[in-house]
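Here are some notes to keep beside you as you look through this model for the first time.

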Amino acid sequence: MEASKNNIIEEVTQGEYKYGFVTDIENDFAPTGLSEDTIRFISAKKNEPEFLLEYRLKAYRHWLTLEEPEWAHLHHPKINYQDIIFYAAPKKKEQLGSLDEVDPELIKTFEKLGISLNEQKMFTGVAVDAVIDSISVTTTFKETLAEKGIIFCSFSEAVKEHPDLVKKYMGSVVPYTDNFFATLNSAVFSDGSFCFIPKGVRCPIELSTYFRINAANTGQFERTLIVAEEDSYVSYMEGCTAPQRDENQLHAAIVEIVALENAEVKYSTVQNWYPGNKEGLGGIYNFVTKRGICKGNNSKISWTQVETGSAITWKYPSVILKGDNSIGEFYSVAVTNNFQQADTGSKMIHIGKNSKSTIISKGISAGKSNNSYRGLVKTTKSAVNARNFSQCDSLLLGDKCGAHTFPYIEVGNKSSVVEHEATTSKISDDQLFYCKQRGIDTESAIGLIVNGYAKEVLNKLPMEFAVEAQKLLSISLEGSVG
Amino acid sequence: MDTTIKDMDLKSKLISTFHENRELFYKNTPAEISALKDIAIKDFERLGFPHTKLEDWRFTNLANALSHDYSLSIKPEYQEIDIESIFLCEVPDMDTYNVVLLNGWFASKNASLSILSNGTIIGSLAKAMQTYPHLVKEHYGKYANTSKYGLDALNTAFSQDGIFIYVPDNVKVNKPVQIINVTNSEEKLFVQPRNLFIVGKNSELTIVNCDHSLNHNVKFINSLTEVFIGENATLNHYKMQNIDNNSALINSIYFHQSANSNLTTNSITLNGGLMRNNLNIALAGEHSNADLFGIYLIDSNQLVDNCTFVDHIVPNCTSNELYKGIMDDKSRGVFNGGVLVRKDAQKTQAFQSNRNILLSDDATINSKPHLEIYADDVKCSHGATVGQLDPEAMFYMRSRGISEDSARMLLMYAFANEVINKINIEVLRERIDEMVSKRLRGELSICDQCVLQCKDKAPSVFNIDMTKI
């Protein structure tokens, strides 16, 4: 039995990401490297107004003064920023005739995830029907949203159609001076999403980048801005459970959320980008700055993330709790396998009175990966009666991986209550034995146990996302548990 | 002759002082240690003083403490009179072997090295280097990390004296060794004592270390201690810190634990301007155990920074850490606790806990308990809390007629008591217990702030005529 277990472990931990890159995109390339010319090129290409070009240039000039941060528990070869093409507008995807031409392994994964046929076509670039279908779906959604006054479009579109809103809110949460990668993004961002929920509107559907037809190929420097006016509500989903094929090695995205009085924003992410092969070659470097501000009283921002992909994840979704009685939440599951490295966590900055925050983070590391939680909870003097609870658990699968916890707690007044607890352990032999005794094989048992372990977070995902994420976890673990 | 620093960058001044007085620093040191000094001064030149850009020093800014005109105590101040009789100090009912460091120099009426009947050696490190160079060489400089920490490098380069304790194998030292580290000078002093403790196989030792200052002049103390704990040996280490608010004290200790060894450290910080405790524990032998306890009660503008690092190098070791703090006024507490479980250090159990109470809106706490784990069969947890006194407990007591002040006192006392109870020497525990409750009542006078209880002539203690020394 031991031997077969080991076999499974072997098989599972040695399993490779089976979905290589297939798409071949013709591009309008910007000149390689980063310079003011590159930025002018990008801005001109996108017909941007003057203020945006100015913003980009300001960011670029500031970026020149910055050095790449090294504090994270990540190791990667130095990135040569002059060796990157910062803008590549996708022209048209090579279209496949039918699903038969698609890698059968990929189709299998889609089936496991329960992705519908049309969606499968869309992901794999089979397009025709799917696109028509998705356009019609999208149109329906657009109408529903327009009725309510909700703006949901690409960032470029927003720049043209709603320059005032963009001007007002862009950079208000993540200023261009924020950090190395945010500054880089501010200089060269390609595209992204813009979402505006007017006063008193409760968005009737879960907004997803997926429904936005031009969401595909937003490029490596994505920028998202979500503004929820007074008394509004929106649930926003980014990414999807399907394996993402992406030719860009470096990703530096920004997400900004503004929640005004009584507004609530729920942001869910599932990230499953190419993690590199089992020798640790290739894979996406993902450096993301995500931050929301609870600007008004009684506002609420909630981040939920399931991170299974990318060779390197550097991501700290944060909430600035400025309004009184505001609430910030962070729920995360991060899975790393092989040579993946994740340094992720959250920042909760309490400024408003009675502000509350919750951090639940579940790290799962397997193979030779390293998984770190890094978080900050800070209460300023003004944050009377602030309350935080953080819980960070790590699960180690295999003896060559690492799990680390770096919480920073900074309290500046006497009425705050901040609690942090963290545990690290391996998967329990008793639980495994119990499952196997009842005829559940090791692999399924591990999937089951890990899903149970991550349940607290998965429960926070929007319904259909949750189902997929759960399956995704099992699939990731099929190839990752030891 | 002291070298006074004026209008000069302290770092470059220190370096030039070192080179100008080379023969002084190299005098009587064995060749191996001289070689360490050579490396250390270069390391210091490269590293300089720690600054807030360094992860471990983010919350503790030395800039202000380093901005003074310090005089370096690079030559011993010879005492002709009995310093212990000036202090007239003793812990009531506590029988100890007493050794005193004055401004970083061994100061005792007794011989600078005393050998007990069981072979234990207690005394001056400078003297020990000459008398027992083989003992010193074996461990000196082996555990501190001069290539990484500027202050370690500085101490290694400059250190000339300190306390040396050697316990041979199979010896149980019957009385605690009490080390009293006193600073007293009319000038702004920069002192760098260096201690080395060696506990042999199957031996047992208790050390009580008191940091104490006698006046309010600005001081910078950069103390470094290396401790080797042999197989199956036990060391209980108590550290009391009660210095004045103008002092900056860096207290770096490196414990190196062999197999089956046992270490208990207890840091009690009741007063001090800027205090940084670097506590490093290397669990280098299997089945060794380390218990780290600490309590800090601070107010006014004080800053206490406890930076602990427990390194689980081999399998089957356990560590348990509990630090508690109460911050009042504009004080700041920093807890920076690291646990590293290295690859293959399986069956490790490491627990870490930091609990804090803030009593004022101007007080702050920066807590960073972190775990780095590279082995899977481990049980590790850490927790940190910041809060106030439990309102329900307060209500319970108020409803039983206990005044608010008394109730608050009682709860704070109970909070601190968890750590105080870990002290194994009864008389010391009682004394500290009393001091903590006095401290919480705000009644702790400067004289009380020491385990040394001065006999009825408290004020005179602060008026030592230093010309006599």
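**Notes for a first look**

1. Helix α9 spans residues 180-188 of chain A, and eight of its nine residues are buried, so the rest of the structure largely encloses it. The buried residues are A:Phe181, A:Ala182, A:Thr183, A:Leu184, A:Asn185, A:Ser186, A:Ala187 and A:Val188. Here "buried" means that 20 or more other C-beta atoms lie within 10 Å of a residue's own; 12 or fewer makes it exposed, anything in between partly exposed, and C-beta atoms are placed from the backbone. Helices (H or I, at least four residues) and strands (E, at least two) are DSSP runs numbered from the N terminus.

2. Please bear in mind that this is a predicted model, in which local features need pLDDT of at least 70 and side-chain atom pairs count only at pLDDT 80 or more, while totals for chains, interfaces and linings use all residues. Residues are numbered from 1 along each chain as its sequence is written, and chains are lettered from A and ligands numbered from 1 in the order in which they are written.

3. Now the two chains in outline. Chain A has twelve helices and 21 strands, and 53% of its 482 residues count as buried. Chain B has eleven helices and 25 strands, with 52% of its 469 residues buried. Two residues are in contact if their C-beta atoms, placed from the backbone, lie within 7 Å. Of the contacts in chain A between residues at least 6 apart in sequence, 84% join residues at least 24 apart; in chain B, residues 24 or more positions apart account for 82% of the contacts with a separation of 6 or more.

4. Where do the chains meet? The contact takes 30 residues from chain A and 31 residues from chain B. On the chain B side, β23 (364-373) and β24 (379-387) each supply at least two residues, and β23(B) gives the largest share, ten residues. By class, that side has 13 nonpolar, eleven polar and seven charged residues. For this count, Ala, Val, Leu, Ile, Met, Phe, Trp, Tyr, Cys and Pro are nonpolar, Asp, Glu, Lys and Arg are charged, and the others, Gly among them, are polar.

5. Strands also pair across the two chains: β21 (residues 417-426) of chain A and β24(B) run in the antiparallel sense over seven bridges. Within this pairing, A:Glu421 stands opposite B:Gly383. Strands pair if DSSP finds at least two bridges between them.

6. B:Tyr374 is worth a look as well, in the loop between β23 and β24 of chain B. Is B:Tyr374 buried or exposed? It counts as buried, because it has 20 C-beta neighbours inside 10 Å. Leaving out residues up to four places away in sequence, B:Tyr374 touches A:Gly402, B:Val341, B:Arg342 and B:Lys343. The C-alpha atoms of B:Tyr374 and B:Arg342 are separated by 5.3 Å, although the two residues are 32 apart along the chain.

7. Next, follow β20 (residues 318-327) of chain B, a mostly covered strand with seven of its ten residues buried. It pairs in the parallel sense over ten bridges with β18 (residues 289-298) of chain B, and β20(B) also pairs in the parallel sense over ten bridges with β22 (residues 349-358) of chain B. B:Asn320 in β20(B) stands opposite B:Asp291, and its bridge partner in β22(B) is B:Phe351.

8. The largest nonpolar core has 240 residues, and those with the most contacts inside it are A:Ala228, A:Ala259, A:Val265, B:Leu101 and B:Val341. Such a core is a set of buried Ala, Val, Leu, Ile, Met, Phe, Trp, Tyr and Cys residues joined through C-beta atoms within 7 Å.

9. Finally, two asparagines of chain A have positive phi. A:Asn338, with phi near 50°, lies in the loop between β14 (327-336) and β15 (341-344) and counts as buried, with 24 C-beta neighbours inside 10 Å. A:Asn354, with phi of about 55°, is in the loop between β16 (347-350) and β17 (356-366) and is partly exposed, with 19 other C-beta atoms within 10 Å.
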